[in-house]
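Reader: Hi! I'd like a close look at one single part of this protein, please.

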Amino acid sequence: LSFGHYKNLINFKGDVICGNINNKSDLTLLKKYKFDYIFHQAAISDTRIYDQEFVMQTNVNSFYDLLDLAEKNQSIFVYASSAAVYGDLPSPQIVGMEKPQNPYGFSKYMMDQIAYNFANKKPNMTIVGLRYFNVYGKNEYFKAKTSSVVIQFGHQILDGKAPRLFEGSDNILRDFIYIE
């Protein structure tokens with residue numbers, strides 16, 4: 001389901017290849033290219049999707065394929081992990097103390113484990129996982145329910161509504177990271 005994500009590519013000058021990372025034949029389209037870097041940001045990122053099989057197939061199974069592609073190309077591989085691996089643990093969050101609370105968080109935790117194991121077996125590869133915490137930016141206005149809480153609150157306020165909070169949220173402090 002697309003919410004207009006193409007809008008991020010309006011001024012992009014490179015090749016655009018449309019495909020599904022769950023589809024092996026779509027992934028073969030990438031084999032004709034030589035990548036110096038692979039930035040893997042694709043995922044089922046909606047933390048409210050509880051179809052574990054779908055989330056794991058998309059986020060985890062395809063991760064192996066992209067790591068293999070990076071190895072064959074000798075690419076630097078940078079992928080999106082998530083603060084969701086920590087679940088509802090209190091701050092400060094500590095690597096090795098993860099406790100995911102939903103299929104999305106668990107899939108990102110599994111990706112981190114796969115990356116760690118892959119890097120140990122392939123020490124010449126550079127693999128970087130970024131555990132994003134509350135990221136937002138100017139080009140996400142079209143992402144609808146998958147946009148950041150900052151954007152969702154903004155839409156609610158612009159629609160003349162009070163921002164929708166949950167019970168106890170007045171006791172929570174969060175950092176937000178703006179990416180332009």
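Which backbone nitrogen does the side chain of N59 reach?

Author: Quick housekeeping before we zoom in. This is a predicted model, so to speak of local features we need pLDDT of at least 70, and side-chain atom pairs count only at pLDDT 80 or more, while totals for chains, interfaces and linings use all residues. Residues are numbered from 1 along each chain as its sequence is written, and side-chain values use heavy atoms, leaving out hydrogens and water.

Now to your residue: the side chain of N59 reaches the backbone nitrogen of I44, at 2.8 Å. The side chain of N59 also makes a polar contact of 2.9 Å with the side chain of S107. A polar contact here is a pair of N or O atoms within 3.5 Å; within protein, one must be able to donate a hydrogen and the other to accept it, and residues adjacent in sequence count only if both atoms are side-chain atoms.

Where does N59 sit? You'll find N59 in helix α2, residues 52-73 (helices are DSSP runs of H or I with at least four residues, strands are runs of E with at least two, numbered from the N terminus). The chain has four helices and five strands, in the order α-β-α-β-α-β-β-α-β.

N59 counts as buried because its relative accessibility is 0% (buried means under 20% relative accessible area, exposed over 50%, partly exposed in between, with a 1.4 Å probe and protein chains only). Across the chain, 29% of the 180 residues are buried.

Skipping neighbours within four places in sequence, N59 is in contact with A43, I44, Y104, S107 and M111, where contact means heavy atoms within 4.5 Å.
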